[in-house]
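Please read the points below with the structure open beside you, and look up each residue as it is named.

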Amino acid sequence: ARDGTLSILVLGGWSSVSMGTTDAWEYKDRSPGQLVAGLRTWVPTEEPTTADPNWVTAIAAGALTDGWIVHDSTGAPGNPSYYHYNSSPYTGAVSQEVELVVDIGGSLSYEDAGMVARRADGVEDFQVSLRFMTTGMRAVDVHGASTITDETVDLTSSIYLLVAVSETGVCRVWYRRPSTTLWTIMVDEVQLTDGGALATYSHIRWGNLFIGGGSPGAKISWRHVSFAFGD
């Protein structure tokens, strides 16, 4: 407008993959620009349960330190400390984006440092587990009790992960560095095993997830978590 009453604020930029629901990703003729944003986004200005009461702390909360939420089980391996968020009963897809650093330890055999995405509705239950250590990560089909793939990558430097489980249980995982907008595919359209009527709601969780002995422990830091439950 000539009188200066209009202004434009541009946020963000281009990416080869957009955050959004996985059912939308299944349509090959749909461009990333048509996908929806995350349902919730947490950034480390305050502890998650303070920012949103729908976040639930399991066992113990992480520590908000220098702009990161830190989960540290190195002094007590096998002790869980994580956050989770449950949906209402529903049948839609689940997607989750995080930024993380594995500072110390971790394991591909245990969820000392990890995240889980579950799509469940009381009839079907599909779950994928991502396990992290300083030198790499593993994707696991939870109900199939099988490794989908391992990826060798330095996780002592900040990395973004985008994890998705469609309504039908198809899993996709991408990752990238903060310095690039190009995502690397880690899991490409893998059908997860259906665990049946084990849960009535979808769910995400992240932190020190493992409960039990034999694990080395891990210190993992999280900068942000974004997720969506939806069609």
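**Notes on the model**

1. Ser 202 counts as buried because its relative accessibility is 0%, where buried means under 20% relative accessible area, exposed over 50% and partly exposed in between, with a 1.4 Å probe and protein chains only. Ser 202 sits in the loop between strand 13 (184-191) and strand 14 (203-208), strands being DSSP runs of E with at least two residues, numbered from the N terminus. The side chain of Ser 202 reaches the backbone nitrogen of Ala 120 at 3.1 Å.

2. A word on the source: this is a predicted model, in which local features need pLDDT of at least 70 and side-chain atom pairs count only at pLDDT 80 or more, while totals for chains, interfaces and linings use all residues. Residues are numbered from 1 along each chain as its sequence is written, and side-chain values use heavy atoms, with hydrogens and water left out.

3. The protein averages a pLDDT (the predictor's confidence in each residue, from 0 to 100) of 82, and 81% of the residues score at least 70. Over residues 20-36, however, the pLDDT is below 50, although this stretch has 42 contacts in the model beyond near neighbours in sequence, a contact meaning heavy atoms within 4.5 Å.

4. Seven strands form an open sheet with antiparallel pairing, in the order 2-5-14-7-8-9-10, where two strands pair if DSSP finds at least two bridges between them. Strand 2 (56-58) and strand 10 (146-152) are the edge strands, each pairing on one side only. Within this sheet, strand 7 (residues 114-120) and strand 14 run antiparallel and are joined by five bridges; Val 116 has Arg 205 in strand 14 as its bridge partner.

5. Tyr 83 lies in strand 5 (residues 81-86) and counts as buried because its relative accessibility is 0%. Its side chain makes a polar contact of 2.6 Å with the side chain of Glu 47; such a contact is a pair of N or O atoms within 3.5 Å, and within protein one must be able to donate a hydrogen and the other to accept it, while residues adjacent in sequence count only if both atoms are side-chain atoms. A polar atom of the Tyr 83 side chain also lies 3.0 Å from the backbone nitrogen of Gly 62.

6. Ring pairs link a cluster whose members include Tyr 83, Tyr 85, Trp 206 and Phe 229; rings of Phe, Tyr and Trp (its six-membered ring) pair if their centres lie within 6.5 Å, and planes under 30 degrees apart count as stacked, over 60 as edge-to-face and the rest as tilted.

Terms used: Helix = DSSP H or I, 4+ residues; strand = E, 2+ residues; numbered from the N terminus.
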